[in-house]
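The exercises below are to be worked with the sequence and the predicted model side by side. Each task is followed by a solution that goes step by step.

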Amino acid sequence: MTELIRLSAAELGAAIASGETSAVETTQAYLDRIAAVDGQIHAFLHVAAEKALDQARAVDARRAAGEELGPLAGVPVAHKDVFTTKDMPTTAASRILEGWQPPYDATVTERLRDAGLVILGKTNMDEFAMGSSTENSAYGPTRNPWSTDRVPGGSSGGSSAAVAAFEAPLATGTDTGGSIRQPAAVCGLVGVKPTYGSSSRHGVIAYASSLDTPGPFARNVLDAALLHEAFSGHDPRDSTSVDAPVPPVVEAARRADVSGMRIGMVKELSGEGYQPGVLQRFTEAVELLESLGAKVVEVSCPSFTAALAAYYIIGPSECSSNLARFDAMRYGLRVGDDGTRSAEEVMSLTRAEGFGPEVKRRIILGTYALSSGYYDAYYGSAQQVRTLIKRDFDAAFQHVDVLVSPTTPTTAFRLGERTDDPMAMYLADLCTIPTNLAGNAALSVPCGLAPEDDLPVGLQIMAPTLADDRAYQVGAAVEAALRDRWGGDLLSRCSYAV
Amino acid sequence: MSAITRDEVAHLARLARLALPEDELDQLAAQLDVIISAVAKVQEVAKGDVPPTSHALPLTNVYRPDEVRPGLDHDQALAEAPAVEDGRFRVPQILGEEE
């Protein structure tokens, strides 16, 4: 059983296809693993053991009937609790949606099922995807498998912890300001924010609609590409979906070649405030890229220094509008409906009790930024900064094929360390936010352990809009070279490795 | 001078339909003051002649074919309601009583 869960998703898919193992056997191996370790990690909010085995049996039956299935058919996946699932509860880790059973599947959910992926359950997250540590979950935090007194990142921290602890070979996430790349970096995984609009938001519980982007988590670049390809592509049910082919990410992950590529180091995403060990591993990764034949130059993106500020205006503004739907009338929690109170009073009591502190903070911040008298100074200015950041990216991509930076300024911080200091928490997204504001693609790939704490460091590779394949190609080259240097995957050094 | 006062936070909480207790208002006012002071940085960078970007994609009206597709049936729509009466959502009183 240990052998099965050690396999990559690509290997697992091949082993299931060849009959060496079955979807049922694989699913059972992962369910056993979850039963053994999730008590310590708390990656899952809901484990759907019986339904997962039913899905696995269906895949095995389709295969037995001679049906031609995709490369991930029968491979298990952990699904972030922000995606609606009609046969499993969906809470976005909020009390206001406790026990909610959606009447429909998200497009991503539907496509996972169509590809024959087996959904093991729903993973923990920061409430409504607002946070960088998964400590904002109403159902308790998730722990980082590399060191259980550390956070697994966030908001998709349940997904990153599940994959790092070998509770799943693959996981889904959503990235609004870094919520896939940051947890992937601090858990030693590959995580990708695809081009905005190339993965569907239909059935994703909304945080900031102009930024929310579903994407994959995996233990290696090729597996991430396979999952990316499985659930991406145009969706008529998402009005901001891009009607364009999915970039050839799997092919790029297999190509793994950077010779002759031009790579730009973003000057503004390093220096003061960055952990020395993070910068050291980042510098080594850049030297590695040069040794592999890439031409590396320093690029200045001056507006990136205002990205964090712009994001913490735009994100909360959109959230204050999106979360107005939680009105205690049609679904979810209702508090104080005793016959004497008005709908408005019931609504206000329900929202006060159903939302956690960070969600309330962002709703109020967004309400402030959008109120008359402040709108131009805050929301208006933030939108202008967004234009400037886009221009910085456009100018940089005139000269280079991809941009690189550390994914996060520090390695995983300790549980509780930043919960009382929202601004310190927000800094975890410093390097990832520019890509969300501009809408282009970015990937995080492990580039070593920081010497001072032996915790994973991520290299962020940013590519132009709809050139996601470039990020995969560079990521795969780094991964292959480091695997040779280390004699194996970084994750094999994690105490939860099997 | 603080960027935001406790009274302003109380007003915003009312607008956002959040019945916050006194101690939460105090805590929020202090935290929002720090956050708003930090995000005000956008005003230094933004310049008058820069057009705003509200969205990463240059999309205008998007249409899809006008086809009839199955939606939720009555029971599915009501299945997760906090309260149901006579096949409808039961909600607290919305309008004031007419004298």
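**Exercise 1.** Determine how the span of H13(A) compares with the expected one, and work out how far the helix is enclosed.

*Solution.* Begin with the length: H13(A) consists of 14 residues, and from its first C-alpha to its last it reaches 20 Å, close to the 20 Å expected at 1.5 Å a residue. Next, apply the criterion that a residue is buried if 20 or more other C-beta atoms lie within 10 Å of its own. By this criterion 10 of the 14 residues of H13(A) are buried, so the helix is largely enclosed by the rest of the structure; among them are A:Arg361, A:Arg362, A:Gly366 and A:Tyr368. Finally, look for the cover, which includes H11, H14 and H15 of chain A together with helix H1 (6-15) and helix H2 (22-39) of chain B.

**Exercise 2.** Describe the side of chain A that touches chain B.

*Solution.* First count the partners: 56 residues of chain A are in contact with 45 residues of chain B. Then assign them to elements, where H11, H12, H13, H14 and H15 of chain A each supply at least two residues, and H14(A) gives the most, with 12 residues.

**Exercise 3.** Which residues have the most contacts inside the largest nonpolar core?

*Solution.* The core has 185 residues, and those with the most contacts inside it are A:Val77, A:Leu120, A:Ala310, A:Ile313 and A:Ile461. By element, H11(A) gives the most to this core, with nine residues. Taking A:Val77 as an example, its contacts include A:Leu112, A:Leu120 and A:Ala168.

How values were computed: Residues numbered from 1 in each chain as written. Chains lettered and ligands numbered in written order. Predicted model: local features only at pLDDT ≥ 70, side-chain atom pairs only at ≥ 80, totals over all residues. Contact = placed C-beta atoms within 7 Å. Helix = DSSP H or I, 4+ residues; strand = E, 2+ residues; numbered from the N terminus. Expected span 1.5 Å × (residues − 1). Buried ≥ 20, exposed ≤ 12 C-beta atoms within 10 Å, placed from the backbone. Core = buried A, V, L, I, M, F, W, Y, C linked by C-beta atoms within 7 Å. Lists of a residue's contacts leave out its neighbours within four places in sequence.
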